[in-house]
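Open the model in your viewer and keep the sequence panel beside it. The stops below say what to select next and what is there.

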Amino acid sequence: MRQRCRLIISYVLIMTNQYSTKNSFLGLLAFIFRKEKYLNMAVIHGMAVNLKSADIKAAFEAGNYPKQDWRKEALLSEQRHYKQLSKSFYGSLLKTAVLAVIGIVAAYFIGLVDLEMAFSTSKVFVFSGVFLASWGALVQFSPVDESYCKETLCENIHALMAKILFVMGALAAFLGALL
């Protein structure tokens, strides 16, 4: 029944040309909290990007595009992109956490950090800022497949993630330095 509903929805979208590019921020929220929603958004976004091409749009209007099982293929492709995006996001978080622990241990053995040290709000802000900015930089440098047009939802979200993390980190670090 569910499969039949999806086919009907696909048919209606194709016939009414309801494909539109999706908001990257909403895509990021769907990526983090609702995988199925993200995958559906990415498939529709991908079709909208494809329809920007004049020759593909002409084939679409003539009824020659897309293939009958296009949604299944697109969903498999977006699932692969989702895995890459997850690996980039969470892998970078893990690498940043490991680097932070190594930095704290090194600072302890050098004598810069003491277990009886007083709590310092400014140091917490600076540490959090450096952590977030480093995480954002590692996200940016971790690869995801690039498309020919560089407009897929995965690529947009990847860039947005890096920017958000880096800007939040820089703001926290600057705030910590001023406290």
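Start by selecting residues 11-17, where pLDDT stays under 50. In this predicted model, that stretch has nine contacts beyond four places in sequence. Where pLDDT is low, the predicted coordinates should not be read in detail. Now widen the selection to helix α1, residues 2-16, which has the lowest confidence in the protein, at a mean of 50. For the other end of the scale, select helix α6, residues 121-141, where confidence is highest, at 95. Over the protein, the mean pLDDT is 85, and 88% of the residues reach 70 or more.

Next, show the whole chain as a cartoon. How many helices and strands are there? The secondary structure comes to seven helices and zero strands, so the order from the N terminus reads α-α-α-α-α-α-α. The protein has 179 residues, of which 34% are buried. Among contacts with a separation of 6 or more, 75% are between residues 24 or more positions apart.

Select helix α5, residues 70-110. This helix has 41 residues and reaches 59 Å from its first C-alpha to its last. At 1.5 Å a residue, 60 Å would be expected, and the span of α5 is close to that. Step just past the end of α5 to Gly111, which takes a positive phi of about 105°.

Now display helix α3, residues 35-50, together with α7, which covers residues 153-178. Their axes come within 9 Å and cross at roughly 120°. Which residues meet here? From α3, select Tyr38, Met41, Ala42 and His45; from α7, select Leu153, Cys154, Asn156 and Ile157. By class, this contact has six nonpolar, two polar and no charged residues.

Stay in α3 and centre on Tyr38. Is Tyr38 buried or exposed? Tyr38 is buried, because its relative accessible area is 0%, under the 20% cut-off. Leaving out residues up to four places away in sequence, Tyr38 touches Gly27, Ala30, Phe31, Glu78, Tyr82, Leu85, Leu153, Cys154 and Ile157. Of these, Leu153, Cys154 and Ile157 are in α7. To check one distance, pick the C-alpha atoms of Tyr38 and Gly27: they are 11 residues apart along the chain and separated by 6.0 Å.

Move along to Gly169 in helix α7. Gly169 is also buried, with a relative accessible area of 0%. Beyond four places in sequence, Gly169 touches Gly129, Val130, Leu132 and Ala133. Pick the C-alpha atoms of Gly169 and Ala133: they are separated by 4.3 Å, although the two residues are 36 apart along the chain.

For the last stop, select Ser142, which sits in the loop between α6 and α7. Ser142 counts as buried because its relative accessible area is 13%, under the 20% cut-off. What does the side chain of Ser142 make a polar contact with? The partner is the side chain of Ser88, at 2.4 Å. Setting aside neighbours within four places in sequence, Ser142 is in contact with Ser88, Ser92 and His158.

Technical notes
Residues numbered from 1 in each chain as written. Predicted model: local features only at pLDDT ≥ 70, side-chain atom pairs only at ≥ 80, totals over all residues. Heavy atoms only, no water. pLDDT = per-residue confidence, 0-100. Helix = DSSP H or I, 4+ residues; strand = E, 2+ residues; numbered from the N terminus. Contact = heavy atoms within 4.5 Å. Buried < 20%, exposed > 50% of the residue type's maximum accessible area, 1.4 Å probe, protein only. Polar contact = N/O pair within 3.5 Å; in protein donor to acceptor, adjacent residues only side chain to side chain. Expected span 1.5 Å × (residues − 1). Axes fitted to C-alpha atoms, helices over the stretch in contact; angles between N-to-C directions. Nonpolar A, V, L, I, M, F, W, Y, C, P; charged D, E, K, R; others polar.
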